[in-house]
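Me: I'm new to reading protein structures. Could you walk me through this one with some questions and answers?

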Amino acid sequence: MRHTPPGLLFPLDEPVRAKPFVKWAGGKQALLDALRPHFPTGCGRYFEPFLGGGSVLFGLAPDHAIVGDRNDWLLDTYEALREDWRAVAAVLDGLPNTKEDYLRIRAVPPESLAPATRAAHFIYLNKTGFRGLFRVNRAGRFNVPYGAYDRRYYDPENLEAVARRLGTVTIRRGDFEDVLGDAVRGDFVYLDPPYAQLGGHSDFNRYTDGPFGPADQERLAARCRRLADLGVGFVLSNHDLPWVRELYEGFEHAVVEARREINLSPSKRSIRELLVLNPAAPER
Ligand SMILES: C[S@@+](CC[C@H](N)C(=O)[O-])C[C@H]1O[C@@H](n2cnc3c(N)ncnc32)[C@H](O)[C@@H]1O
């Protein structure tokens, strides 16, 4: 993985560094500088099985990345941008920002649409939906109300940078276990699962049609132990809760904090997360 020296935000060989083009719950944009010192300066392949908005992938810009997420509409959007970001932008240019149009577009099943339109609808709903978040009901249907925001849907320079970056990335479908299936000694994994909830019960992690519950957190911790046995390095982010610390007992822990730029509620102005660290073993 290429290492970005402290203070140098953009590697010299990238004219525009890609940034997330959608807002994503749990996005790591604000924590990136605090996370960076915990990543290795070099590794085999870089895996990110809970990609979300991609802030860490875009921020690290590793040479050889394999990413995934259980949200298929999100991955369809990455693939459509990689294929032809201008086609996605052209569809976005024709989507009006009114409540009536929002409700009409929200009601269209994404699987009925051609790839560029499906991606454009995803970005449009994220930019015009209330608080810019992705949330689905139990049937897996996007159900965020209209947000009435007057903002542009995309930055062409950034969409182009995103498409260029994705050109070097392997995208895999499915559960984190499937994405990590062939990780080997010397590879490195960043894991950012839906937050564990207080008391162990997942209340509202609706990025996908099924919540990520305590059994999934346990399955993930077991998978991390297997990665460590294989010599695969990882950093995992999660809520700093006693039961999460217990799940990862025996690993090194660190706490990272960052202030959010804007949040109306004082209790949400800072973010504090637990990191579980397993250094990468040297490649054989
Ligand atoms: C906290 S978010 C990741 C945020 C990301 N690091 C960012 O900066 O935008 C967690 C992600 O895990 C995905 N997810 C939920 N269950 C999953 C599973 N079983 N396997 C893989 N991804 C899953 C969600 O769709 C969501 O995008």
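Reply: Happy to; we will go from the overall picture to the sheet and then to some charged pairs.

Me: How confident is the predictor in this chain on average?
Reply: Keep in mind that this is a predicted model. Of the chain's residues, 87% reach a pLDDT of 70 or more, but over residues 1-10 the pLDDT is below 50.

Me: In which element is confidence highest?
Reply: Let's start at the other end of the scale: strand 6 has the lowest confidence, at a mean of 89. The highest value, 98, belongs to helix 3.

Me: How much of the chain is made up of buried residues?
Reply: The chain holds 9 helices and 7 strands. A residue counts as buried when its relative accessible area is under 20%. Of the 284 residues, the buried share is 51%.

Me: What is the order of the strands in the open sheet?
Reply: This sheet has 7 strands with mixed pairing. On average, neighbouring strands are turned by 20° against each other, direction ignored. Reading across the sheet, the order is 3-2-1-4-5-7-6.

Me: Which strands stand at the edges of that sheet?
Reply: Look for strands with a single partner strand, because one side of each is then left without a neighbour in the sheet.

Me: Which residue in strand 2 is the bridge partner of E48?
Reply: Strand 1 (residues 46-48) pairs with strand 2 (residues 65-69) in the parallel sense, over 3 bridges. Helix 3 (residues 72-93) packs on the sheet and touches strand 2 and strand 3. Within strand 2, the bridge partner of E48 is V67.

Me: How many salt bridges are there in the whole structure?
Reply: Side chains of opposite charge can pair when their charged atoms come close. For a salt bridge, the nitrogen and the carboxyl oxygen must lie within 4 Å. A search of the whole structure gives 19.

Me: Are K28 and E273, which meet in a salt bridge, buried or exposed?
Reply: Their side chains meet with N to O at 3.2 Å. The pair links distant parts of the chain, 245 residues apart: K28 lies in the segment before helix 1 (32-35) and E273 in strand 7 (residues 270-278). K28 has a relative accessible area of 3% and E273 also has 3%, and the cut-off is under 20%, so both residues are buried.

Me: About how many helical turns separate D101 and R104?
Reply: These residues form a salt bridge, with the closest N and O atoms 2.9 Å apart. D101 counts as buried at 16% relative accessibility, whereas R104 is partly exposed at 46%. Both sit in helix 4 (residues 99-106), and because they are 3 residues apart, their separation is about one helical turn.

Me: Which residues belong to the salt-bridge network that includes E177 and R223?
Reply: The side chains of E177 and R223 meet in a salt bridge at 3.6 Å, N to O. The pair connects helix 7 (residues 176-179), which holds E177, with helix 8 (residues 214-230), which holds R223. R223 is buried, at 9% relative accessible area. Salt bridges that share partners make one network of D175, E177, D216, R219, R223 and R226.

Notes
Residues numbered from 1 in each chain as written. Predicted model: local features only at pLDDT ≥ 70, side-chain atom pairs only at ≥ 80, totals over all residues. Heavy atoms only, no water. Helix = DSSP H or I, 4+ residues; strand = E, 2+ residues; numbered from the N terminus. Buried < 20%, exposed > 50% of the residue type's maximum accessible area, 1.4 Å probe, protein only. Pairing = 2+ DSSP bridges. Axes fitted to C-alpha atoms, helices over the stretch in contact; angles between N-to-C directions. Contact = heavy atoms within 4.5 Å. pLDDT = per-residue confidence, 0-100.
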